[in-house]
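Hi,

Here is the structure we talked about. Please look it over, then read the notes below it.

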Amino acid sequence: QVQLVESGGGLVQAGGSLRLSCAASGSFRGINTMGWYRQAPGKQRELVAAFTGGGSTNYADSVKGRFTISRDNAKNTVYLQMNSLKPEDTAVYYCNAVITIATSIVYNVDYWGQGTQVTVSS
C-alpha cells in the first residue's frame, strides 16, 4: 500500500543538470532511511546518496561535490540535484526507502521505486 513515485530523469548533455524527485505515499508510520541508488548496464547497483535514520547523509565518492540530496519531510519527498553530469553517470536511478508500517504491530519494509533513466551524452 506504500508507493514510491520517481520523476525527473531524462537525456542531457555532459555538464548539464537534472533534478530527481521521489515521493512516498500511502499509509505508514514514518520513514527511517531514504535515498538514491543507480545501476548501469552490466554493473552492480550502487548507492548514490542517502539519508540515514539519524538524518546524516552518505554520498558515493564519484558524485561528491556534484550531487546534493535533500528532503521535504512534510511531503515525504526526497530530491537529488545532479550537476556537472558526466557520461559515467548514465544509469537507471532508483529511489529506496525503509518505511515503518503500523497495523497490529510495528515493522519496517524496504521499498523501491520503479526507476528512472538518466542518460548523459558526450
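E46 is partly exposed, because its relative accessible area is 34%, between the limits used here (buried is under 20%, exposed is over 50%, with a 1.4 Å probe and protein chains only). This is a predicted model, in which local features need pLDDT of at least 70, side-chain atom pairs count only at pLDDT 80 or more, and totals for chains, interfaces and linings use all residues. Residues are numbered from 1 along each chain as its sequence is written, and side-chain values use heavy atoms, with hydrogens and water left out.

Salt bridges

E46 pairs with R38 in a salt bridge, with 2.8 Å between the closest N and O atoms. The term means a side-chain nitrogen of Lys or Arg within 4 Å of a carboxyl oxygen of Asp or Glu. R38 is buried, because its relative accessible area is 6%. R38 also forms a salt bridge with D89, at 3.0 Å from N to O. That pair links distant parts of the chain. R38 sits in strand β4, D89 in the loop between β8 (77–82) and β9 (91–102), and 51 residues separate them. Strands are DSSP runs of E of at least two residues, numbered from the N terminus. D89 is buried too, like R38.

K64 and D61 form another salt bridge, at 3.1 Å from N to O. D61 is exposed, because its relative accessible area is 65%. Shared partners join R38, E46, R66 and D89 into one salt-bridge network. The structure has four salt bridges.

Largest pocket

The largest pocket has a volume of about 170 Å³. A pocket is an open set of points on a 1 Å grid over the protein atoms alone, where a 1.4 Å probe fits, with protein on both sides within 12 Å along at least five of seven lines; lining residues have an atom within 4 Å of a point. The volume is the space filled by probe spheres set on the points, which are joined across faces, edges and corners. The lining has 15 residues, and I31, M34, R71, N73 and N76 are the closest to the pocket centre. β4 (30–39) and β7 (67–72) are the elements that give two or more residues to this lining. β4 gives the most, with five.

G9

G9 is in the loop between β1 (3–7) and β2 (10–13). G9 touches L20, T116, Q117 and V118, leaving out residues up to four places away in sequence. Contact means heavy atoms within 4.5 Å. G9 and T119 are 110 residues apart in sequence, yet 8.1 Å apart in space, C-alpha to C-alpha.

Best wishes

Key
Helices (H or I, at least four residues) and strands (E, at least two) are DSSP runs, numbered from the N terminus.
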